[in-house]
Amino acid sequence: MNTKETIDAILSETGKAVLGKEEVLRRILTAILAGGHILIDDIPGVGKTTIAVAFTHVLGLDYKRMQFTPDVLPSDITGFSMYDKNSGTFRYMPGSAMTNFFLADEINRASPKTQSALLEVMQEGRLSVDGKTYAVPQPFIVMATQNPFGSSGTQELPESQTDRFMIRITVGYPEREDEIRILSGEKKNPAEGLSSVITPEGLLSLRQEVSRIHVEESLYGYMVDIARATRNHPDIRLGVSPRGTMALSAMTRAHALMEGRSYATPDDVAAVAPYTLGHRISLSGDARYAGKTAESVLSSLLSALPLPSLKEE
C-alpha cells in the first residue's frame, strides 16, 4: 500500500470500533503522525478509552492504561528503584509510562504533583528516576482524558501541562442511529478482533514522511502571524507560545500527508488551527463574561488575517 492507502486503512479499521466519529479519528491520527500527544476533554462514557484501545490494536503498539485518582503517585508513572538483595544493587522497576501508547484516564482527578510527572516524558521521551535516565520506547504517545473542569473531584490542568498536548478535542455524544447500534449489541467488544495495519516501525516511517512535507516560507509566516495575533488580541489574556507555533507547523504537515499531498497549503493550517491552538490561549475575564470561547475568538482572528500567496508548482 502507498501512504494514502495506509492512512485510509488505519482510519477504516479503527472506524469499525468507533461508530460515527470519523472526524475525531482523523484528528487523532493527524496528531499521532505529527508526533504529538492528545488530550480528550469530555464527559465520561462517550468512548474515549475505546478509541485509545482501537488505535493501539491497529497501529501495533504496546499499550498501558492508568486510571488517575487522588492517590496515584508520580512513581506509578515513572517507575522506581528497588533493592535486589541477591545482587546488592538497585534495580529499576518500570512504571506505566514505559510503553508505546499510554492512556492517562481522567488525568485531572490526580494531584498536580502526579500530573507533573508526565511533563518530562511527554516533552523529552525519557524518564528520570533516582538520578538515572531511561528512554521510553518509540513511538511514544500519550492520550489523556479529562472530565470537564468543575466535575466532582477534578482540578484544572496547569498551562505548562496542557501546552504539551499537541491537540485538545472532544468526542461528543453519538448520533441516534449509532447509539441504537451500540445498544443492539452490535459492538459488544469494539476493539477486539481489529487487525494491525502497520507496525511501530511503519508508524515511525510515516512520521518521517510528515517531516518531508514541503512548506513554503510564506506559509510559515502565516503561522507566525496567527500566533502573534493571539498575543495582541484584546480578548486573549495569554497567547500562543512558540511551542504552540511549532505544534501548528507539525499538524499542518501531517494534515497535508493525510490529504495525500507532498506540500502544505493555507487550508491545512485552517483545518488544524482550532484544535491545535484552542487550549493554548486563555481568554480575558471580559471575553468569558461575554460568552466567547477560544474557538470563536480563533475563528474571527483567522478570518481577519490575509492568506499567504503560494508559488505555482
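**Figure 1. Leu-257, a buried residue of helix H10 in a predicted model**. In this predicted model, Leu-257 counts as buried because its relative accessibility is 6%, and buried is defined as under 20%. The residue lies in helix H10. Setting aside residues up to four places away in sequence, Leu-257 touches Thr-3, Ile-7, Leu-33, Leu-206, Glu-209, Val-210 and Ile-213. Two of these contacts, Thr-3 and Ile-7, are also among the buried residues of helix H1. Arg-212 stands 45 residues from Leu-257 in sequence, and their C-alpha atoms are 9.7 Å apart in space.

**Figure 2. Helix H1 and the residues it buries**. Thr-3, Thr-6, Ile-7, Ile-10, Leu-11, Glu-13 and Thr-14 are buried in H1. These residues lie on the same side of H1, because they cover an arc of only 165° around the axis. Their cover includes H2, helix H3 (48–59), helix H8 (200–211) and H10. Helix H10 is also where Leu-257 is found.

Figure 3. Lys-4 counts as partly exposed, at 30% relative accessibility. Asp-8 is also partly exposed, with a relative accessible area of 35%.

**Figure 4. A salt bridge between distant parts of the chain, Glu-259 with Arg-26**. The closest N and O atoms of Glu-259 and Arg-26 are 3.1 Å apart. Glu-259 is in the loop between H10 and H11, while Arg-26 is in helix H2 (residues 22–33). The two residues are 233 residues apart. Glu-259 is partly exposed, with a relative accessible area of 38%. For Arg-26 the value is 23%, and this residue is partly exposed as well.

**Figure 5. Salt bridges of Arg-261, and of a group of three residues**. Arg-261 pairs with Asp-268 in a salt bridge, the closest N and O atoms being 2.8 Å apart. The two partners are set out by their accessible areas: Arg-261 is partly exposed, at 21%, whereas Asp-268 is buried, at 0%. Elsewhere, Asp-163, Arg-243 and Arg-280 are linked in a network of salt bridges.

**Figure 6. Helix H9 and its buried side**. H9 runs over residues 217–231 and has 15 residues. From its first C-alpha to its last, the helix reaches 21 Å, close to the 21 Å expected at 1.5 Å a residue. Its buried residues are Leu-219, Tyr-222, Met-223, Ile-226, Ala-227 and Thr-230. They fall on the same side of H9, because the arc they cover around the axis is only 135°. Strand E10 (236–238), helix H10 (242–258), helix H11 (266–277) and helix H13 (294–304) are included in what covers these residues.

**Figure 7. The largest pocket and its lining**. About 880 Å³ of space lies in this pocket. Its lining has 34 residues, and those nearest the centre are Glu-156, Arg-168, Gly-278, His-279 and Ile-281. The elements that give two or more residues to the lining are strand E1 (38–41), helix H6 (159–162), strand E9 (167–169), E10, H11, strand E11 (282–283) and H13. H6 gives the most, with three residues.

**Figure 8. His-279, a buried residue that lines the largest pocket**. His-279 is found in the loop between H11 and E11. This residue counts as buried because its relative accessibility is 9%. Leaving aside neighbours within four places in sequence, His-279 is in contact with Thr-162, Phe-165, Met-166, Ile-167 and Arg-168. Of these contacts, Arg-168 is also listed with His-279 among the residues nearest the centre of the pocket. Val-240 is 39 residues from His-279 along the chain, and the C-alpha atoms of the two are separated by 9.2 Å.

How values were computed: Residues numbered from 1 in each chain as written. Predicted model: local features only at pLDDT ≥ 70, side-chain atom pairs only at ≥ 80, totals over all residues. Heavy atoms only, no water. Helix = DSSP H or I, 4+ residues; strand = E, 2+ residues; numbered from the N terminus. Expected span 1.5 Å × (residues − 1). Buried < 20%, exposed > 50% of the residue type's maximum accessible area, 1.4 Å probe, protein only. Arc of directions from axis to C-beta. Contact = heavy atoms within 4.5 Å. Salt bridge = Lys/Arg side-chain N within 4 Å of Asp/Glu carboxyl O. 1 Å grid on protein atoms, 1.4 Å probe; cavity = no way out; pocket = protein on both sides within 12 Å on 5 of 7 lines; lining within 4 Å. Points joined across faces, edges and corners; volume = space filled by probe spheres on them.
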